[in-house]
Amino acid sequence: MTHYWNPRIETMEISELEDLQFRLLKTLVYRLYSFSRFYHDRMDENGVHPDDIGSLEDIRKLPFMLKKDLRDNYPDGLFIAPQDEIVRYHVSSGTTGKPTVVGYTEQDLNRWTESLARALSSCGMGRGDVMQVSYGYGLFTGGLGLHYGAERIGATVLPASVGNTERQVEMMIDLKVTAIACTPSYLLHIGEVAEKMGISIKNDTRLRIGVLGAEPWTEQMRERIESWLGIRAYDIFGTSELSGPLFTECKEQKGIHIWGDLAYAEVLDESGNEVPPGKEGELVVTMLQKEALPIIRYRTGDITKVERSKCSCGRSHARIHRITGRVDDMLIIRGINVFPSQVEYALMEIPEVGEHFQIVVDRKGALDEMLVRVEVKKDSFSDKITDLMKIRSSVEHRLKNSLNVSCSVELVEPGSLPRFEGKSKKVIDARKI
Amino acid sequence: METDEYCIKQISVFSENKPGRLAAIAKALMEKKVNILAFSIAEADGFGVVRALVDKPEVAHSILSSLGFNVAFTEVIAVRMKDEPGGLYDIAEILGNAGINIEYSYAYSGKDGAVLILRVDNSKDAIEKIINLGATLLKSSRFH
């Protein structure tokens with residue numbers, strides 16, 4: 001029998017859910033128009049007034065929010081809650097060196113946790129399960145998000161974070177872990193490390209559920225993970241601007257349920273019009289109840305399609321298909337978002353190397369590796385190998401600091417990197433996902 | 001002591017560690033009729049530094065720079081060695097006794113005998129010590 005965390009909301013009739021969404025949207029728009037200088041001005045510029053929102057479809061009249069808006073209003077210009085109402089910050093790296101800050105009121109954390117409690121329950125998790133959270137903890141939203149979601153449903157949480165993989169395998173066995181949350185590539189890596197230790201995840205552990213995401217993956221990867229590791233693997237979606245990881249597939253594995261009382265999902269074409277049903281486009285999300293940092297029609301940059309019919313699990317909430325790509329040049333390296341522009345900005349701060357670069361991403365075993373090629377400037381060239389090695393490690397260090405992900409650096413001859421050939425030559429993604 | 005005449009101008013060229021780079025450097029020098037007297041390649045992960053003693057360092061520097069290479073002049077000294085067993089030992093012992101630290105070194109054995117080329121922290125100090133301990137240094141005029 002299907003277990004619902006919040007049966008009243010999750011199985012609500014679609015028409016009833018849409019009524020609720022409209023009321024929440026209307027309230028949200030009035031709230032923003034009254035309290036957000038930024039969004040008030042943007043609505044005025046677009047000639048929209050809260051009174052113009054007379055139906056859920058009228059959401060299309062509202063102006064978009066972009067990642068650039070968060071960056072331009074760094075650190076907290078878009079917050080509408082006073083600082084003493086904010087109980088947490090998360091920070092993600094921005095596209096140009098300036099990070100993006102998300103603040104949460106107590107209610108924001110509560111709803112984020114509720115969203116994951118419903119999601120993890122829909123994957124068949126509950127009291128008695130032991131969840132190893134192998135997403136990064138800290139400024140990144142992955143670790144803490146899953147942590148509180150799993151605790152809410154009464155599961156036991158093992159906050160393993162990323163790294164020290166052999167120990168992760170040992171803990172998985174010793175603490176009888178039944179579920180893991182991490183990137184799909186990290187789970188494959190855990191599987192490989194376990195095999196080297198003479199352990200089969202399938203036969204020697206109790207692992208039965210993987211909640212996997214934060215990077216693109218495919219049905220083929222799911223099949224491989226499920227058959228090799230003997231688990232059910234569920235896709236998870238979310239991004240820090242929306243709170244963090246929020247939504248997962250249910251046991252039907254037919255799309256990720258977007259809880260309609262928390263978020264409204266649109267899929268739009270390049271000109272901002274809704275795509276026909278079943279067609280791919282950019283996912284645009286409105287968070288209907290966020291307090292500290294309200295999000296209206298946020299352009300995620302993720303490409304997907306939406307399915308609004310009732311799911312065979314009984315849940316009436318819309319589902320999005322797994323993310324198949326990006327509308328921009330964002331890369332996802334070991335679950336961390338990286339924009340080539342961040343590399344460019346970081347390099348501009350380093351006098352020994354030029355501003356031209358090339359990023360090469362590949363997968364060694366199961367894990368992503370990023371290489372950045374940079375040119376040594378003429379006046380910083382030294383005959384001493386150790387000086388050149390120092391330049392290289394200092395560039396590696398600076399890039400790691402600004403990208404939050406480690407990469408290796410290759411020094412190349414001046415003038416040898418592609419200059420005007422555009423983005424296709426600046427980034428070589430050799431991963432076969 | 002006059003030490004400048006023993007300071008030899010070596011050219012150092014930054015090079016990526018990939019096929020054809022040495023050929024590109026050698027071809028450029030050939031076309032400008034620059035003769036290479038001694039050379040070595042120091043390699044690190046993914047890149048290297050080609051170091052050479054040439055008869056016309058200025059010409060070599062300008063042609064390689066114009067081709068886009070990172071080129072630098074580096075001061076080295078050249079010590080005469082006996083071209084027989086123990087030749088290197090004699091010199092190495094002198095350097096050790098004098099407390100001279102070698103940054104890098106390479107050697108060649110030509111028609112006039114064997115030569116050890118040294119890059120040291122302080123060339124002037126090293127030149128004085130080496131001469132005082134009885135070894136023979138080659139003047140830069142022997143090279144260019």
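Contact here means heavy atoms within 4.5 Å. The legends below describe close-up views of a predicted model.

**View 1. Packing of helix 8 against helix 10 in chain A.** P184(A), S185(A), L187(A), L188(A), G191(A), E192(A) and E195(A) of helix 8 are in contact with M221(A), R224(A), I225(A), W228(A) and L229(A) of helix 10. By class, the residues of this contact comprise 7 nonpolar, 2 polar and 3 charged.

**View 2. Packing of helix 5 against helix 6 in chain A.** Helix 5 (residues 106–122) and helix 6 (residues 141–152) of chain A pack with their axes 8 Å apart, at an angle of about 70°. Helix 5 and helix 6 are therefore roughly perpendicular to each other, with a right-handed crossing. Helix 5 contributes N110(A), W112(A), T113(A), E114(A), L116(A), A117(A) and L120(A), whereas helix 6 contributes T141(A), G145(A), L146(A), Y148(A), G149(A), A150(A) and R152(A). The residues of this contact are divided into 7 nonpolar, 5 polar and 2 charged.

**View 3. Interface between chain B and chain A.** Chain B supplies 23 residues to the contact and chain A supplies 15 residues. The size of an interface is often expressed as the accessible area lost when the parts come together. Between chain B and chain A the buried area is about 1600 Å², with 56% given by carbon and sulfur atoms. On the chain B side, F14(B), F47(B) and N70(B) lose the most area to chain A, together accounting for 38% of what that side buries.

**View 4. Salt bridges across the interface of chain B and chain A.** Side chains of opposite charge can pair when their charged atoms come close. Across this interface 4 salt bridges are found. One of the salt bridges joins E103(B) to K384(A), with the closest N and O atoms 3.7 Å apart.

View 5. Over all chains, the structure holds 39 salt bridges. Among them is the pairing of the side chains of R60(A) and E274(A), at 3.0 Å from N to O.

Key: Residues are numbered from 1 along each chain as its sequence is written. Chains are lettered from A and ligands numbered from 1 in the order in which they are written. This is a predicted model: local features need pLDDT of at least 70, side-chain atom pairs count only at pLDDT 80 or more; totals for chains, interfaces and linings use all residues. Side-chain values use heavy atoms; hydrogens and water are left out. Axes are lines fitted to C-alpha atoms, for helices over the stretch in contact, and angles run from 0 to 180 degrees between N-to-C directions. Helices (H or I, at least four residues) and strands (E, at least two) are DSSP runs, numbered from the N terminus. Angles under 35 degrees count as roughly parallel, over 145 as roughly antiparallel, 65 to 115 as roughly perpendicular and the rest as oblique. A crossing is left-handed if the near helix is turned anticlockwise from the far one by less than a right angle, and right-handed if clockwise. Ala, Val, Leu, Ile, Met, Phe, Trp, Tyr, Cys and Pro count as nonpolar, Asp, Glu, Lys and Arg as charged, and the others, Gly among them, as polar. Buried area is the accessible area (1.4 Å probe) that two parts lose on being put together, summed over both.
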